[in-house]
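Please keep the sequence and the model in view while reading.

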Number of protein chains: 2
Amino acid sequence: MMDRPLLMKQLLWRAERVFGDKRIISRTGDGEDFGYTYAEYAVRVRKLAQALTALGVRPGDRVGTLAWNTHRHYEAYFGVPCMGAVLHTVNLRLFDEQIAYIINHGGDRVLLIDPDQIPLVERLAPDLPAVQAYVVLADEVPETTLSPVHSYEELLAAQDGKLEFPDFPETTASAMCYTSGTTGDPKGVLYSHRSVVLHTLALCLHGSIGVREEAIFLAISPMFHANSWGIPFAAALQGATLVLPGPHPEPKHYLELIDRHEVTHAVGAVTIGVMMRDLLERDDPHYDVSSLEVLWLGGQAPPRGLMKWFADTHGIVVPQGWGMTEASPLVTFTALKSKHDHVAEDEVYDVRGKQGLPLPLCEVRLVDEGGEDLPWDGKAVGEYHLRSPWMANAYYDDPRGPASYDAQGWFKTGDVGVIDPDGYVQLTDRSKDLIKSGGEWISSVELENSLMAHPAVAEASVVAVPHDKWLERPLACVVTRAPVTSEELTAHLSEHFARWWIPEEFLFVDAIPKTGVGKFDKKVLRARFGDADARRRYRAEASR
Amino acid sequence: MMDRPLLMKQLLWRAERVFGDKRIISRTGDGEDFGYTYAEYAVRVRKLAQALTALGVRPGDRVGTLAWNTHRHYEAYFGVPCMGAVLHTVNLRLFDEQIAYIINHGGDRVLLIDPDQIPLVERLAPDLPAVQAYVVLADEVPETTLSPVHSYEELLAAQDGKLEFPDFPETTASAMCYTSGTTGDPKGVLYSHRSVVLHTLALCLHGSIGVREEAIFLAISPMFHANSWGIPFAAALQGATLVLPGPHPEPKHYLELIDRHEVTHAVGAVTIGVMMRDLLERDDPHYDVSSLEVLWLGGQAPPRGLMKWFADTHGIVVPQGWGMTEASPLVTFTALKSKHDHVAEDEVYDVRGKQGLPLPLCEVRLVDEGGEDLPWDGKAVGEYHLRSPWMANAYYDDPRGPASYDAQGWFKTGDVGVIDPDGYVQLTDRSKDLIKSGGEWISSVELENSLMAHPAVAEASVVAVPHDKWLERPLACVVTRAPVTSEELTAHLSEHFARWWIPEEFLFVDAIPKTGVGKFDKKVLRARFGDADARRRYRAEASR
């Protein structure tokens, strides 16, 4: 066959040539949204590549970004990889030291930064020896100590956009993303042109989120986190309208954008979905979300009550997916099967509550502690091992990477759960989040989901705390939406779980700490409340 | 990234593990259809690989098939490639000498043949020195002179199905198909595991035929022709129900199968669509086709009247695609865009009459005779050049192959037409089917489509015949469904075309000769009617 490599420029080609009149909309935060066509976009993508070349960026060099979901960030999404350089999206929600570590470890030569990130980068600049130029994603450069510093728009204005992107091997690195690093230093996951193209196709399939031309996609998930789940690439390939929520987005902005641009599909974290629900319930101001068909919530399993609320109140389907930064990120998606057409609503939600079916080309194994295959019977609990063409097989310049792979190339996810006979993956826990009490496993995730299904509970996170007799016991940290007591929650859980699963202790907290990508940060909870004395002090404090 | 190769066994994995209870149905021709699940299917696929290994087939060896669309043929579709051998599907509708040439040129070691093909193979066997074994796709072997000869079912019964298919490079050849060869000897197109996997993904995308789990697909297009357009592979990947029409299928069998199995999608040649329409119009017997949503017709453009008839009478959408054996086969597909949601019906059919949008990863160029790019303005006429990862770049053991490619890897299709600003490809002709009359081009395809839109015309083919003054003039060969005169057809065409486009001569024939894959065989028409005396004789004959 023809050895035509899989290159990201082919996605851009289709956006420009086949869907040149379709639009990209970017919230500026100044009241009026910015908008232009894929044809206009593609010219600017080429101008960016020319400008970066003029700044000395060469194939293989890393170009870092500290930026929100904006049209300029999106220009870098194609401009940097298509010239053969590597786009390094840095999570701007991390701590200073982590950001500096990541930029230095990645060896970024140029940093593209949003104007509001200038104070942060000024603090870090003395510790970023490899960075040779700063580019502010704005019309002009505000007063700053950064040097040398350029205005993005001035750089682009100096170019003509006449450029043919080169061919190179499809295994060439295209982008890089550091995992949030729940233990140890963050690890850099490298994507290739091949992996991005294949993952993009997967997002456009029937049975996946199915990005298509008619859809208007709001990309809530940050572009600095796992490629915004690949939505920006898929939107280009299929010519979907792409709506980017801009700087410092809040839930009300998402609802405004959905209302204003008749968004049909939105993609973001479960916690965002919870906040959107709360705003819609309040209905002041009123948002018209009747255009929204699908709200894909990921990062963790959306509680059944949340899925049902969106479906019953607004006719919005809430599917979920399971993935990880190392997997580009998507592995499974909760497509229903035709056999579910005529089952009871409750059974449908049983399926929707699972993480879904493996996407095409994603092979999943369920293995026991000895590495033996377990049956897909919905009962046997094991760790998931993955193999797919869009799975990273090592971390950038990091000796720890390959340790996650076995000899046959299976990636050990650290995620634990079951697979049912229909092929639905159902996560019960990260293996380190399982609670082992008296020699038996307790799933923190199942307890959390059940707690969050209680109408008075906004968020709940369950962690293991040390126990003299049982070694570990579950502790439930709960954020309430309405008054509720420990006794009421105990009664609620007792309807669903064996007695020894029920937490003895409930802590009512103002908020669950989140990681930089919006997941419950159980590490923080364990550190803060692992000690019984600390819990007592917290309760005494709270009752005053 | 992980160097996980793209292998066809990954498609099979998903069919077996994720959609193991979904069904494959195969018409036996004995009244009762055969049916089993993908889980049962996958075991037999492995048994076939074991049986072929026992017969001496090694990786890289060619295994030929002379078979209809049946479940056993489908088992070979995966069994042969997944063991590393090459499936060579031979078109059983060709002439004896062509079939012998193809089998010998391909160097097939084993032939899998349907029982009704035994007389053919017995005739050819003395001229097939490389074939080492014949396998009859049946429970037992009928009386035959073939030797050594085996029963397929007996071979499988001797195996246990316990086999792990090996890994190998994704560029490994998986299948082979000879083009029908309108000029010179047939040419063997080689597919790879990579090209099959990528083409399969393309068929499952939104904006393509979109194979999905809920669908029930009737694969009318022969499995010996361009992989039955890839439908069998896509059905496995997505777990769609696959209905195979079995031996000696006729249009009435397709309608019976649609009725009996509530088929939602059918895929076949335009000529089949015409015959199905005629049967449905007759309504005796009555077929219930209310389940059918989509009838994808390819091979040539479906006439507007046919598309409208299916839509208006049965609510069936008739999309088309454009492809070729070298392209696996699909290149474009007529997806509508959201901008067509609110346009008039006529405009929708203008779009549906085009060959469609380039699929993801398919790059198309329109070039003039000097090789320069032409604009996509819907007016400039040029030849299409193609580039895609599922485009064959050479023919098997054939020095003519690479001549179709230029230095940048573009394949010169020989097809001629325009591309509109929305990216829709609209073929006007094979370059050799254009008629050059008085220095001006006349499109035979446009004349044919217009003629076939006339209610009295069943089929029409227009070819160039030599002319003293204009060098070439169009000759229309017409099959009628109702009485009609040359004068009426001239008046009909005059509504749409300039006077010099209108054929002076109409020949009323009983049938248009077809190639082995059901396309109008213009070569035959030109040979039979190119001479004015021959036309006179034909008319005199016909009027008696």
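The largest nonpolar core has 198 residues, where a nonpolar core is a set of buried Ala, Val, Leu, Ile, Met, Phe, Trp, Tyr and Cys residues joined through side-chain atoms within 4.5 Å. Buried here means under 20% relative accessible area, exposed over 50%, and partly exposed in between, with a 1.4 Å probe and protein chains only. The residues with the most contacts inside this core are Y74(A), F78(A), I231(A), Y74(B), F78(B) and I231(B). The model is predicted: local features need pLDDT of at least 70 and side-chain atom pairs count only at pLDDT 80 or more, while totals for chains, interfaces and linings use all residues. Side-chain values use heavy atoms, with hydrogens and water left out; residues are numbered from 1 along each chain as its sequence is written, and chains are lettered from A and ligands numbered from 1 in the order in which they are written.

One of these core residues, F78(A), touches M8(A), L11(A), L12(A), Y41(A), V45(A), F233(A) and A236(A), not counting residues up to four places away in sequence. Contact means heavy atoms within 4.5 Å.

The interface comes next. In contact with one another are 60 residues of chain A and 60 residues of chain B. The size of an interface is often given as the accessible area lost when the parts come together. Between chain A and chain B the buried area is about 4900 Å², of which carbon and sulfur atoms give 60%; buried area is the accessible area (1.4 Å probe) that two parts lose on being put together, summed over both. Six salt bridges are found across this interface, a salt bridge being a side-chain nitrogen of Lys or Arg within 4 Å of a carboxyl oxygen of Asp or Glu. E363(A) forms a salt bridge with R4(B), and their closest N and O atoms are 3.4 Å apart. The elements that give two or more residues to the side of chain A that touches chain B are α1 (8-17), β9 (188-192), α7 (193-203), α8 (231-238), β16 (357-358) and β17 (363-367) of chain A. Helices (H or I, at least four residues) and strands (E, at least two) are DSSP runs, numbered from the N terminus.

Some backbone features deserve attention. The peptide bond from S147(A) to P148(A) is cis, with omega near -10°, and P148(A) is found in the loop between β6 (133-136) and β7 (149-151) of chain A. In chain B, a cis peptide bond joins D284(B) and P285(B), with omega about 5°; P285(B) is found in the loop between α10 (270-282) and β13 (294-298) of that chain. N227(A) is not a glycine, although its phi is positive, about 55°. N227(A) lies in the loop between β10 (216-219) and α8 of chain A and is buried, with a relative accessible area of 5%.

The last stop is T332(B), in strand β15 (residues 330-333) of chain B. Is T332(B) buried or exposed? T332(B) is buried, with a relative accessible area of 0%. The residues that T332(B) touches include Q320(B), W322(B), Q355(B), L357(B) and V425(B). A polar atom of the T332(B) side chain lies 2.7 Å from the backbone oxygen of Q355(B).

Technical notes:
Polar contact = N/O pair within 3.5 Å; in protein donor to acceptor, adjacent residues only side chain to side chain.
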